[in-house]
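Okay, thanks everyone, I'll keep this short. Have a look at the chain on the screen, and then I'll walk you through a few spots in it.

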Amino acid sequence: MIEGLQEEKYIFNLLKHIFWAEPKKEFLEDIGEIEVFSGESDIDKGMNLIIEAARKNKDRLDEYSEELALEFARLFIGPKNPPAIPYSSVYLSESKTVMSDVTIDVRKMYLEAGMAVKNLYSLPDDHIAVELEFLQYLTGRIIELFEKGQREEASDLNELRDEFLNGHFSKWAPHFSDNIIASTNDDFYRGAAIMLKGCV
């Protein structure tokens with residue numbers, strides 16, 4: 001069980017960084033060093049697309065990181081109508097706007113679990129990267145509690161994680177992923193979207 005949770009924590013962390021900001025050259029170099037995955041899951045397929053994109057561009061990483069920065073802005077920021085808006089409130093609230101009741105509900109779950117958002121107020125709490133940070137945080141805490149023998153506390157946090165994944169995250173992250181897949185020709189972001197779908 002711990003091994004599976006460690007893998008999930010790694011995946012949440014990787015995706016958090018991909019959706020938080022455009023990748024730097026050093027990040028792409030590190031990705032290119034990862035061994036290709038042999039499995040057939042969406043997570044494996046998506047990871048392999050990301051790895052191959054980095055490897056294919058290894059001799060031009062400065063230019064490729066600039067291309068990815070433009071693609072990041074086009075997909076997630078705009079200037080107008082980005083195809084993959086990275087906020088759950090846009091997908092789940094009646095108003096389809098950022099900073100709705102959905103955002104407040106997500107913040108309450110963070111507080112309930114004891115997670116302080118690092119960039120509170122600089123990025124809405126329901127941004128995909130912050131939600132992935134929360135899942136990474138919960139997974140890490142569950143691992144710690146299990147290793148300390150605090151199984152009841154670990155079980156309680158695991159219930160909260162399942163509630164967040166099934167009751168919130170899985171209701172919007174697949175749509176966000178589909179929007180990326182439909183809107184990009186770049187395997188780096190296509191791979192990340194496929195991985196994200198595999199998580200839910």
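Let's start with Pro124, which is buried, because its relative accessible area is 18% and the cut-off for buried is under 20%. Keep in mind that this is a predicted model. Where does Pro124 sit? You'll find Pro124 in the loop between α6, residues 101-113, and α7, residues 128-147. Leaving out residues up to four places away in sequence, Pro124 touches Tyr87, Val98, Met99 and Val130. For a bit of scale, the C-alpha atoms of Pro124 and Glu63 are separated by 30 Å, and those two are 61 residues apart along the chain.

Since Asp125 lies in the loop between α6 and α7 while Arg107 is in helix α6, the pair ties together parts that are 18 residues apart in sequence.

How many salt bridges are there? The count comes to 8. Another one of them joins the side chains of Arg60 and Glu67, at 2.2 Å from N to O. Here both partners are partly exposed: Arg60 at 27% relative accessibility, and Glu67 at 38%. Then there's Arg141 with Glu144, where the closest N and O atoms are 2.9 Å apart. Those two are 3 residues apart in helix α7, so about one helical turn separates them. Again we're looking at partly exposed residues, with Arg141 at 25% and Glu144 at 37%.

Now, on to the inside. As a rule, in soluble globular proteins, nonpolar side chains tend to be buried together. In this model the largest nonpolar core has 59 residues, and Phe19, Phe169 and Phe176 are the ones that touch the most other members. The largest share of that core comes from α7, which puts in 10 residues.

The aromatics are worth a minute. We get 13 aromatic pairs. Take Phe164 and Phe169: their ring centres are 6.4 Å apart and the planes are at 25°, so that pair is stacked. Phe169 also pairs with Trp172, but there the centres are 6.2 Å apart and the planes are at 80°, so this one is edge-to-face. Buried or exposed, you ask, for Phe169 and Trp172? Buried, both of them. Phe164 is buried as well, at 0% relative accessibility.

Last stop, Glu71, over in helix α4. Glu71 is buried, at 14% relative accessible area. Its side chain makes a polar contact with the side chain of Arg74, at 2.9 Å. Beyond its neighbours within four places in sequence, Glu71 is in contact with Ser183, Thr184, Asn185 and Tyr189. That's it from me, happy to go back to any of these.

Note on methods
Residues are numbered from 1 along each chain as its sequence is written. This is a predicted model: local features need pLDDT of at least 70, side-chain atom pairs count only at pLDDT 80 or more; totals for chains, interfaces and linings use all residues. Side-chain values use heavy atoms; hydrogens and water are left out. Helices (H or I, at least four residues) and strands (E, at least two) are DSSP runs, numbered from the N terminus. Buried means under 20% relative accessible area, exposed over 50%, partly exposed in between (1.4 Å probe, protein chains only). Contact means heavy atoms within 4.5 Å. A nonpolar core is a set of buried Ala, Val, Leu, Ile, Met, Phe, Trp, Tyr and Cys residues joined through side-chain atoms within 4.5 Å. Rings of Phe, Tyr and Trp (its six-membered ring) pair if their centres lie within 6.5 Å; planes under 30 degrees apart count as stacked, over 60 as edge-to-face and the rest as tilted. A polar contact is a pair of N or O atoms within 3.5 Å; within protein, one must be able to donate a hydrogen and the other to accept it, and residues adjacent in sequence count only if both atoms are side-chain atoms. A salt bridge is a side-chain nitrogen of Lys or Arg within 4 Å of a carboxyl oxygen of Asp or Glu.
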